[in-house]
Every structure is written in C-alpha cells, then in structure tokens.
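Here is a short report on how one protein chain is put together. Look at the fold before reading on.

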Amino acid sequence: MPGTDQHQKGQPPLWRAALFGLCPECGTPGLFEGAANFRDRCPSCGFDSGRYNVGDGPAAFLTLIIGALLIVAALLLDFAVQPPLWVHVILWVPLTVAAVIYGLRIAKGALLASEHQRQAAEGRVDKPHD
C-alpha cells in the first residue's frame, strides 16, 4: 500500500534490496543464485521470485550505458598517457565484465523489489458485458 512503512513487514527499502541482493519480502540476503539469476524461492521466507516477470530488459540498457562510459574512460586514458594495447586489454575487459554483471544484479534486484512493493501482476483484459 502506498504510504505504509515497509519496514514494519521486514521489507527492505528498494535501494538496499537492489544493492545487496536482499529478498524483497523478508530482507534476507541471497536473492541471487549465480551471477545474475534469481533463486526460485527465498531460503528464509519462501518468497517466489517467479511470480514477477523481470526478464533481461535491463541488460541491453546497462550494456550500452556501461559500454559508453568505459569507452570514454579508455579514450581519456589513452589520450593522457598512451599506454600499450595490452594495458587496455588487462584493464578494460575485466572491468567491463564486472560492471555489467554487478549492474545487472542491481537493476534486476531493483525491478523485482519495485514490482513486489507495488504488487505488480500480469495485465488482464476484462470481457465486455453483453
């Protein structure tokens, strides 16, 4: 319900659930299984993450945004000190992978927590009355 205190139910705020991968129902860590996949159920409260359709929508946006930011950083580094190519490879490849995976965890966690707090559900079409 809008305006109610989410902490009374044990639900973490959206930002904390997203940053730390907390269950949006009970606030326990362990929302993710693997790099960026949700667990089927929360080990503490049994929260079913499959009820919400988060999907991989944030992946494309994050990849483009992070890619653009890291390209700018790589160009600035290149113009400033002109390191050899191997320095760029050693620096930017792992940084890109880590930024995309952690960014995806944050975005998916925020989207799931937001959907849960707002009780989002599949859209329905009411049949017209005759």
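## Terms and model

A nonpolar core is a set of buried Ala, Val, Leu, Ile, Met, Phe, Trp, Tyr and Cys residues joined through side-chain atoms within 4.5 Å. Buried means under 20% relative accessible area, exposed over 50%, and partly exposed in between (1.4 Å probe, protein chains only).

This is a predicted model: local features need pLDDT of at least 70, side-chain atom pairs count only at pLDDT 80 or more, and totals for chains, interfaces and linings use all residues. Residues are numbered from 1 along each chain as its sequence is written, and side-chain values use heavy atoms, with hydrogens and water left out.

## Overall layout

The chain has three helices and two strands. Their order from the N terminus is α-β-β-α-α. Helices (H or I, at least four residues) and strands (E, at least two) are DSSP runs, numbered from the N terminus.

Of the 130 residues, 28% count as buried. Contact means heavy atoms within 4.5 Å. Among contacts between residues at least 6 apart in sequence, 53% join residues at least 24 apart.

## The cores

The largest nonpolar core holds nine residues: Cys23, Leu31, Phe32, Phe38, Cys42, Phe47, Tyr52, Val54 and Leu112. Another core lies apart from it, with seven residues, including Ile66, Leu70, Ala74 and Leu104.

Phe38 belongs to the largest core. Leaving aside neighbours within four places in sequence, Phe38 is in contact with Leu31, Phe32, Glu33, Ser49, Val54, Lys108, Gly109 and Leu112.

## Aromatic rings

The whole structure contains two aromatic pairs. Rings of Phe, Tyr and Trp (its six-membered ring) pair if their centres lie within 6.5 Å; planes under 30 degrees apart count as stacked, over 60 as edge-to-face and the rest as tilted. Phe32 and Phe38 are stacked, at 5.0 Å centre to centre and 20 degrees between the planes. Both Phe32 and Phe38 are buried.

The ring centres of Phe47 and Tyr52 are 6.0 Å apart and their planes are at 25 degrees, so this pair is stacked. Phe47 and Tyr52 are both buried.

## Helix α3

Helix α3 covers residues 85-117, which is 33 residues. From first C-alpha to last, α3 reaches 47 Å, close to the 48 Å expected at 1.5 Å a residue. The expected span is 1.5 Å times one less than the number of residues.

Buried residues of α3 include His88, Trp92, Leu104, Lys108 and Leu112. The buried residues of α3 pack against α1 (14-20), β1 (32-33), β2 (37-38) and α2 (57-81). Gln119 follows α3 and has a positive phi, near 55 degrees.
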